[in-house]
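Hi,

Here is the structure I promised to pass on. Have a look at it first, and my notes follow below.

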Amino acid sequence: MRSKSFSTIAIVLCAAAIRAEEPKLPPMKPLFDYPLRDTSICLGGDGMYYLTGTTGHPTWWRTNEGIHVWKSPDLKTWTPLGLVWKIEDGTWQKEKRDGKRALWAPEIHFIKNTFWLTFCMNYGGTALLKSTSGKAEGPYIDVHPQGPLTGEHDPALFADDDGQVYFVYQNGKIARLNDDMTALAEEPRLLTPSNAKQVGFEGAFLTKINGRYVLMCAERTRHPCGTSTYDCMVATAEHVYGPYGPRYLAIPYGGHNMIFRDKQGQWWATFFGFDLGGERFRAPFYERPGILQVEFDDNNRLRPVMPEP
């Protein structure tokens, strides 16, 4: 009994030490109460915000229907647009593997005056859809119906200032798309930070802020007391292909997210709440869509904005 008490005290002290070193999160609540992972939000050309993510709880690791989208005028009140693309509308995506067929990590992007949806199939590769109406509700076509664009997972899009659009995925891999965005125009390469072999192992997202490229990935951070957290790691560069500087922890418990700018010019990070460390390392909420405002500190590092005391 005494040994168990000492073990509990050690874990609590370890948790306190970790929390003292990591960036702080502001008070947070979900945007709405609906099971969702891998939250993605973009601002459309109509001034509305659009949100998507992995759905299909509780079987989303094995089976789900497709991609759901919500919209909001103010990031507070969200209206469901329903299922905008079904797996049954696909080609190669309809294949089942060991009875599993689930669509993971969809992202929504507004580029070239229309909406695009990136996603991956569980163990089946990545895909890109284009709205033929210019509306978030579609209808959508698969730009590469003959098969996946890459054989990996967690894809996103990045549109640079010169109009070039890049396909970013998994652990920081990147390839420029051709002009009509139907295929990769070059061999993919891995963007690596100066202090590690990768920024993170999944959930890659790239954007440009204040003239610097900001690459974020999800990483499982292992802690000395035997627990781990699912965190957002960031590295930045002056050029899209790098070299990238050191990676650092930007948003604890914020793994597999992205950042977007609102109508007032403020930057926000999406959030869904997931960690693997048990009750003492629990995120503010679990598998629900959320956001938090972010900024760059005096060392040019991305961090959550904390409320005034």
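**What I found**

Strand 18 (residues 267-271) and strand 19 (residues 290-296) run antiparallel and are joined by 5 bridges. Before I go on, this is a predicted model, in which local features need pLDDT of at least 70 and side-chain atom pairs count only at pLDDT 80 or more, while totals for chains, interfaces and linings use all residues. Residues are numbered from 1 along each chain as its sequence is written, and side-chain values use heavy atoms, with hydrogens and water left out.

Back to the strands (DSSP runs of E, at least two residues, numbered from the N terminus; two of them pair if DSSP finds at least two bridges between them). Trp267 sits opposite Val294 in strand 19. Strand 19 also pairs with strand 20 (residues 302-304), again in the antiparallel sense, over 3 bridges, and here Glu295 faces Arg303. The hairpin of strand 19 and strand 20 has 5 residues between the strands, and Asn300 takes a positive phi near 65° in it.

Trp267 turns up again at the largest pocket, where Phe110, Ala159, Thr207, Ile259 and Trp267 lie nearest the centre out of 22 lining residues. A pocket here is an open set of points on a 1 Å grid over the protein atoms alone, where a 1.4 Å probe fits, with protein on both sides within 12 Å along at least five of seven lines; lining residues have an atom within 4 Å of a point. The volume is about 500 Å³, counted as the space filled by probe spheres set on the points, which are joined across faces, edges and corners. Strand 1, strand 5 (103-111), strand 9 (156-159), strand 13 (202-209) and strand 17 (259-261) each give the lining at least two residues.

Thr236 counts as buried because its relative accessibility is 12% (buried means under 20% relative accessible area, with a 1.4 Å probe and protein chains only). Its side chain makes a polar contact of 3.1 Å with that of Arg212 (a pair of N or O atoms within 3.5 Å, one able to donate a hydrogen and the other to accept it; residues adjacent in sequence count only if both atoms are side-chain atoms).

Cheers

Definitions and conventions
Buried < 20%, exposed > 50% of the residue type's maximum accessible area, 1.4 Å probe, protein only. Helix = DSSP H or I, 4+ residues; strand = E, 2+ residues; numbered from the N terminus.
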